[in-house]
Amino acid sequence: MTSIARTAARLLLGVAMAGAGVAHLTTQRQEFRAQVPEWFPVDEDLTVLGSGVVEIGLGVAFVALPRKRRLIGGLLAAFFVAIFPGNIAQYVEGVDAFGLDTDTKRLIRLFFQPVLVVWALFGGGWLWCSRDD
């Protein structure tokens with residue numbers, strides 16, 4: 001049963017990441033630009049484009065390369081950790097984006113980032129492995 005849940009988690013996260021990456025490059029580009037902290041040393045549009053490409057690549061790889069799921073799951077978890085300071089900055093700076101228009105909503109969102117890290121690690125086979133996995 002864990003194997004089925006792990007595969008479902010991997011596929012769902014992979015598709016979601018690829019979709020988010022496409023949104024970075026197209027319809028949600030402005031919203032993502034608003035989330036790049038002012039202190040970040042790279043141009044905000046370049047940051048959004050680069051992170052979108054990374055999300056597409058990791059998402060597609062998570063779906064298409066099941067034998068590399070541990071590597072890709074680990075990379076996704078690291079990616080989620082790497083972008084977390086931007087989420088904190090959005091809260092601290094009070095930046096509105098994606099309907100996060102109150103401090104309460106921005107604060108609540110911060111608690112979902114660890115969930116994404118665990119999701120990537122589980123889908124990648126890092127957590128709750130059995131001998132059958």
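**View 1. Glutamine 113 is buried at 4% relative accessibility.** Buried here means under 20% relative accessible area with a 1.4 Å probe and protein chains only. The model is a predicted one, in which local features need pLDDT of at least 70 and side-chain atom pairs count only at pLDDT 80 or more, while totals for chains, interfaces and linings use all residues. Residues are numbered from 1 along each chain as its sequence is written, and side-chain values use heavy atoms, with hydrogens and water left out. Glutamine 113 belongs to helix α6 (residues 113–123), helices being DSSP runs of H or I with at least four residues, numbered from the N terminus. Its side chain makes a polar contact with the side chain of asparagine 87 at 2.9 Å, a polar contact being a pair of N or O atoms within 3.5 Å, of which, within protein, one must be able to donate a hydrogen and the other to accept it, and residues adjacent in sequence count only if both atoms are side-chain atoms.

**View 2. Aspartate 43 caps the N-terminal end of α3.** A side-chain oxygen of aspartate 43 lies 3.1 Å from the backbone nitrogen of aspartate 45. Helix α3 has 21 residues and reaches 30 Å from its first C-alpha to its last, close to the 30 Å expected at 1.5 Å a residue, where the expected span is 1.5 Å times one less than the number of residues.

**View 3. The buried residues of α3 pack against α1, α2 (29–34), α4 and α6.** Among these buried residues are Asp45, Val48, Glu55, Leu58 and Phe62; contact means heavy atoms within 4.5 Å.

Conventions:
Helix = DSSP H or I, 4+ residues; strand = E, 2+ residues; numbered from the N terminus. Buried < 20%, exposed > 50% of the residue type's maximum accessible area, 1.4 Å probe, protein only.
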